[in-house]
Amino acid sequence: GLTPAEQAVTPGCQLTPRDQNNGEALSTKLSYDNQATIKTTGIDVMLNWGTSISTFGLEVPGSLNFNLRATILDSYETRQSPAVYDVPIEWKGSLGPNLPGTQAGAYDYRLFGTFTYNNPIDNWSVSLRWRHLPEVWSAGYAEQQALIANNAAVAAGADGLILGYTPSREIQTESYNIFDLSGTWDILETVSLRFGITNLFDEAPVDVGSNAERAAGEICNGAPGCNDPTSFSLYSRGGFSGGYYDTIGRRYFLGVKFRF
């Protein structure tokens, strides 16, 4: 152990000053340090295109416009503390992170596009919007992969601890596409109509976090820290995530605006 003189210069002891006469602890000094870390990189890309229909040699009034926005994630890594048992977690390709103060949904990429036809002569326009989400894993799966990566590094000689886990048989969530139709029509100078169909093709939400059946034992194959399950488990269906996938179905809206 440390001698009394050595203990007195450690950061922990310096936060607890003592009485010089009897050695009793005096008021403790408190300091606050944000030791959690977030590292993320990625790019956003936007494309805008527009032209009149006459460009194609057609005698049709109006114009076409197309807008595409893409968010491409390169990495999203968090760590709750520098402790050896708090391993860094790479959330890219998952629905995580699930930590306070972070925004979930770390998809590899997201696409959002809108195709619009505008007819200025008859004062109406119609738009078709497309939203695309690629295949994704649950946040729990990303946490498990972080443990696997940590254990492999420690087994190869890196500093840290080998942490235990029981492997899952999670099924990756399928990619998802949804379309919305909307339009406007200026019926009169003082009357406008707006209308639309959300989830045009009534696309059902996809399962999140489903697991395939799992046998007992012989799954880990000697992986560091891996604990083979002791019992057989059947296929289990996951749930739905209303934050990213439409759980309501096709629906319609209609509105009228009057100007005085």
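Q: What share of the 260 residues of the protein counts as buried?
A: In this predicted model, 31% of the 260 residues count as buried. A residue is called buried when its relative accessible area is under 20%.

Q: How does the radius of gyration of the protein stand beside that of a compact globule?
A: For 260 residues, a compact globule would come out near 18 Å, but the protein has 29 Å.

Q: Which elements should I look for along the chain?
A: Look for 3 helices and 8 strands. Starting at the N terminus, their order is α-α-β-β-β-β-β-α-β-β-β.

Q: Which residues of helix α3 are buried?
A: Here is the general idea first. An α-helix has 3.6 residues a turn, so residues three or four places apart point the same way. In α3, the buried residues are A139, Y141, A142, Q144, A146, L147, N150, N151 and V154. Part of their cover comes from β3 (89-90). The helix itself runs over residues 139-155 and reaches 25 Å from its first C-alpha to its last, close to the expected 24 Å. Just after α3, G157 has a positive phi of about 120 degrees.

Q: Which cysteines does the disulfide join?
A: A disulfide is a covalent bond between the sulfur atoms of two cysteines. This structure holds 1 disulfide, and it joins C220 to C226 with an S to S distance of 1.9 Å. Both C220 and C226 are buried.

Q: Why is the disulfide of C220 and C226 called left-handed?
A: The disulfide is left-handed because the torsion about the S-S bond of C220 and C226 is about -70 degrees.

Terms used: Residues numbered from 1 in each chain as written. Predicted model: local features only at pLDDT ≥ 70, side-chain atom pairs only at ≥ 80, totals over all residues. Heavy atoms only, no water. Disulfide = S-S within 2.5 Å. Buried < 20%, exposed > 50% of the residue type's maximum accessible area, 1.4 Å probe, protein only. Helix = DSSP H or I, 4+ residues; strand = E, 2+ residues; numbered from the N terminus. Expected span 1.5 Å × (residues − 1). Contact = heavy atoms within 4.5 Å. Rg over C-alpha atoms; globule rule 2.2 N^0.38 Å.
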